[in-house]
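Thanks for coming. I have one structure to go through today, and I will keep to what can be computed from it. Please have the viewer open.

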Amino acid sequence: MIKNLIFDVGEVLLEYRWHDLLKDYGLSDSEAERIGGELFHEPIWADGLDSGLLTIESAIEKYRILYPDDIDVISRFLHNGDKMAIARPEIWKKLALLKKKGYGIYILSNYSKELFELHTKDADFLDIIDGGIVSYQVHLLKPDVRIYKALIEKYNLSAEECMFFDDKQQNVLGAIRVGMEAVRVTSRQQLNEILDDLLKNN
């Protein structure tokens, strides 16, 4: 029986407009895709920022070495991280209703400290959740099974009683490996429908 719902943050409780943000700086679609690839597909982002080992300023210096021609845009992007996230308030309201029905509500997300704080500074879901772990806090990243186990142990949860929601398939598989039920979130609409079903059936 599922008693706890665990949510990723990016593209689950929030959505990102990183492509549009880069285009706001005058980039074409292809340029935005290229620089987005430089930003997100480098170990600097995951192994550095999300792991809590780099600050935004120290990450910029590493990007500067790799991409000197693009560093102005990369720096501007990182210094304006608050403009990247879009709220999903109807999702947050459903989390509150699910909590009233007795579910434990948790987050488990890969995020840097600075961007997490920027993106969630006005997010009501932080007042709803029963707890959570963000990667920078423990220097571990999904889908490493240790981060899922860290959440389970911190809050004395049973994996078999948890349902995990994430937009990345590898992270869903990581949750399944520790015994959780897991759902890949493919769209805002799909997540709304799943939460509506949970509310109706419980």
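First, the conventions. This is a predicted model, so local features need pLDDT of at least 70, side-chain atom pairs count only at pLDDT 80 or more, and totals for chains, interfaces and linings use all residues. Residues are numbered from 1 along each chain as its sequence is written, and side-chain values use heavy atoms, with hydrogens and water left out. Helices (H or I, at least four residues) and strands (E, at least two) are DSSP runs, numbered from the N terminus.

Start with the sheet. In which order do the 5 strands of the open sheet come? The order is S5-S4-S1-S6-S7, with parallel pairing; two strands pair if DSSP finds at least two bridges between them. At the edges are S5 (131-134) and S7 (181-184), each of which pairs on one side only. Neighbouring strands of this sheet are turned by 20° against each other on average, direction ignored. For angles in general, axes are lines fitted to C-alpha atoms, for helices over the stretch in contact, and angles run from 0 to 180 degrees between N-to-C directions.

Two helices go with these strands. Helix H10 (residues 145-154) packs on the sheet and touches S1, S4 (104-109), S5 and S6. The direction of H10 makes about 155° with that of S5. Helix H11 (residues 169-177) lies across S6 and S7, and runs at about 175° to S7.

Now go to S1 and S6. Strand S1 (residues 4-7) pairs with S6 in the parallel sense over 4 bridges. Phe7 has Phe165, in S6, as its bridge partner. S6 itself covers residues 162-166. Is Phe165 buried or exposed? Phe165 is buried, at a relative accessible area of 0%; buried means under 20% relative accessible area, exposed over 50%, and partly exposed in between, with a 1.4 Å probe and protein chains only. Leaving aside neighbours within four places in sequence, the contacts of Phe165 (heavy atoms within 4.5 Å) include Leu5, Ile6, Phe7, Val183, Leu191 and Leu198.

Next, helix H6, residues 89-100. H6 has 12 residues and reaches 17 Å from its first C-alpha to its last, close to the 16 Å expected at 1.5 Å a residue. That expected span is 1.5 Å times one less than the number of residues. The buried residues in H6 are Ile91, Trp92, Lys94, Leu95 and Leu98. They cover an arc of only 160° around the axis, which puts them on the same side of H6; the arc is that of the directions from the helix axis to the C-beta atoms. As background, an α-helix has 3.6 residues a turn, so residues three or four places apart point the same way. The face of H6 turned away from the buried side carries the exposed residues Lys93 and Lys100. Among the elements covering the buried residues of H6 are S1, S4 and helix H12 (188-201). After H6 comes Gly102, with a positive phi near 110°.

Last, the salt bridges. How many salt bridges does a search of the whole structure find? The search finds 18, where a salt bridge is a side-chain nitrogen of Lys or Arg within 4 Å of a carboxyl oxygen of Asp or Glu.

Lys142 takes part in two of the pairs I want to show. With Asp8, the closest N and O atoms are 3.0 Å apart. With Asp166, the closest N and O atoms are 2.6 Å apart. Asp166 sits in S6, 24 residues from Lys142. Asp166 is buried, with a relative accessible area of 0%, and Lys142 has 5%.

The other pair is Arg188 with Glu15, whose closest N and O atoms are 2.9 Å apart. Arg188 lies in helix H12 and Glu15 in strand S2, so the pair ties together parts that are 173 residues apart in sequence. Arg188 is partly exposed at 27%, while Glu15 is buried at 19%. Salt bridges that share partners join Glu11, Glu15, Arg88, Glu90 and Arg188 into one network.
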